Amino acid sequence: MAAQIIDGKQIAAEMRAELKAEVAKLKEKNIVPGLGVVLIGDDPASKSYVTAKERACEEIGIYSNDNRLPADTTQEELIELVKKLNNDPKINGILVQLPLPKQLDESEVLLTISPAKDVDGFHPINIGKMVAGEKAFLPCTPHGIIQLLQRSNVTLEGAEVVVVGRSNIVGKPIANMLIQKADTGNATVTVCHTRTKDLASHTKRADIIIAAVGRPNTVTADMVKEGVVVIDVGVNRVEDASKKRGYRLVGDVDFEAVKEKASLITPVPGGVGPMTITMLLYNTVESAKIAAGL
Ligand code: NAP
């Protein structure tokens, strides 16, 4: 039987409606959540991500403060801007769009962002708290995956989860979140990567597969068991002459074949992607509530 599709757009829209209602209530108390957005240079992909994030802020009533600097911005200028945003009471979250131009030290910039405004969840203090199971700003993509699973009524407790990929922004944090002793965790997690000996031997026994690789068809139908839940994080361009722009987007999973065996599966696009921005909005609202002592 073909899988049910986990509709990330729909779940993201539900969460954004919840956040919009929450922001409206905060405004009655004169609290307006604010996001400081920093974009360096003119990379078209980064520009479109930032525009989408700012539009999403506007849609739910978050104030966004746009800071666009030229590609030759110096480390000192960027650090100064981040410090200014750290000290601005109207700003509850700071988003520095990555990657940065080569002359800039990403690690120093991320360390300069106040952990209290680190709504991307990349600061080592927030990462450390997440690993220790303490309250922290959780990184947006893995947090969005947890929301997709929970809102699709997937049982995490005791589930065998196989994460393919061990990046700092997806693989490692999602694995960490899922092993926490919490309602959003309690799973048994295996993390696979390029040095894993026999990837299929792991994916075949998984109740839930989370693929965050960046390579099409890494997970194929012969690698999964019947009834598996599949979360496809990958976003890959493949040539497609039938499209005006000459390519289409696919995930890391052979969607058409795997959906015939899975019980639930996310599409690409329209699965994990819409959740990432939503969780950024969520963290910004949380930060505003904490700053107001709520
Ligand atoms: P990344 O930093 O490049 O990490 C990729 C991981 O996949 C690495 O750990 C790598 O192993 C592993 N890997 C590569 N080939 C493999 C293979 N054949 N078998 C097993 N493991 C393999 O990527 P990322 O930043 O996590 O992103 C992954 C994908 O998700 C990309 O397509 C990205 O565009 C997408 N993404 C989407 C969103 C969203 O919001 N939708 C957000 C973030 C990322 P090694 O560590 O051994 O090299």
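Reader: At roughly how many degrees do the axes of helix α6 and helix α7 cross?

Author: The model is a predicted one. In it, helix α6 spans residues 140–151 and helix α7 spans residues 171–179. Their axes come within 8 Å, and the crossing angle is roughly 45 degrees.

Reader: Are α6 and α7 parallel, perpendicular or oblique to each other?

Author: Angles of 65 to 115 degrees count as roughly perpendicular and those under 35 degrees as roughly parallel. The axes of α6 and α7 cross at roughly 45 degrees. The two helices, α6 and α7, are therefore oblique.

Reader: Is the crossing of α6 and α7 left-handed or right-handed, and which residues of α7 make the contact?

Author: The α6/α7 crossing is right-handed. On the side of α6, the contact is made by P142, H143, I145 and I146. The residues on both sides divide into seven nonpolar, one polar and no charged. From α7, the residues in the contact are P173, I174, M177 and L178.

Reader: Is α7 mostly covered, or mostly uncovered, and how many of its residues are buried?

Author: The buried residues of α7 are G171, P173, I174, A175, N176, M177 and L178. They pack against α5 (124–132), α6, β5 (160–164), β6 and β7. Helix α7 is mostly covered, and of its nine residues the number buried is seven.

Reader: How is α6 oriented to α10: roughly parallel or roughly perpendicular?

Author: Helix α10 covers residues 273–291, and its axis comes within 8 Å of that of α6. The two axes cross at roughly 100 degrees. That angle makes the orientation of α6 to α10 roughly perpendicular.

Reader: Which residues in α10 meet α6?

Author: From α6, the residues taking part are C140, T141, H143, G144, Q147 and L148. The residues of this contact of α6 with α10 divide into six nonpolar, six polar and no charged. Those in α10 are M275, T276, M279, L280, Y282 and N283.

Reader: Which are the edge strands of the open sheet of six strands?

Author: The order of this sheet is β1-β11-β8-β7-β5-β6, and its pairing is parallel. An edge strand here pairs on one side only. The edge strands are β1 (4–5) and β6 (188–192).

Reader: In β8, which residue is the bridge partner of A211?

Author: Strand β7 (residues 208–211) pairs with strand β8 (residues 229–232) in the parallel sense over four bridges. Within this pair, I209 stands opposite V230. For A211, the partner in β8 is D232.

Reader: Which residue in β11 is the bridge partner of V230?

Author: Strand β8 also pairs with strand β11 (residues 264–265), in the parallel sense and over two bridges. The partner of V230 in β11 is I265.

Reader: Are the residues V229, V230, I231 and D232 of β8 buried or exposed?

Author: In a regular strand, side chains alternate between the two faces of the sheet. In β8, V229 and I231 point one way, while V230 and D232 point the other way. On either side, the state of these residues is the one named: all are buried.

Reader: In the open sheet of three strands, which residue of β4 does L35 stand opposite?

Author: The order of this sheet is β3-β2-β4, with parallel pairing. Its edge strands are β3 (63–69) and β4 (93–96). Strand β2 (residues 34–40) is joined to β4 by four bridges.

Reader: At about what angle does helix α2 run to β3?

Author: Helix α2 comprises residues 44–60. It lies across β2, β3 and β4, and its angle to β3 is about 160 degrees.

Reader: What is the relative accessible area of S167?

Author: S167 is found in the loop between β5 and α7. Leaving out residues up to four places away in sequence, S167 touches K172 and P173. S167 is partly exposed, and its relative accessible area is 30%.

Reader: Is T112 buried or exposed?

Author: T112 belongs to helix α4 (residues 106–112). Beyond its neighbours within four places in sequence, T112 is in contact with I79, V82, K83 and N86. Buried means under 20% relative accessible area. T112 has a value of 17% and is therefore buried.

Methods. Residues numbered from 1 in each chain as written. Predicted model: local features only at pLDDT ≥ 70, side-chain atom pairs only at ≥ 80, totals over all residues. Heavy atoms only, no water. Pairing = 2+ DSSP bridges. Buried < 20%, exposed > 50% of the residue type's maximum accessible area, 1.4 Å probe, protein only. Axes fitted to C-alpha atoms, helices over the stretch in contact; angles between N-to-C directions. Parallel < 35°, antiparallel > 145°, perpendicular 65-115°, else oblique. Left-handed = near helix turned anticlockwise from the far one by under 90°. Contact = heavy atoms within 4.5 Å. Nonpolar A, V, L, I, M, F, W, Y, C, P; charged D, E, K, R; others polar.
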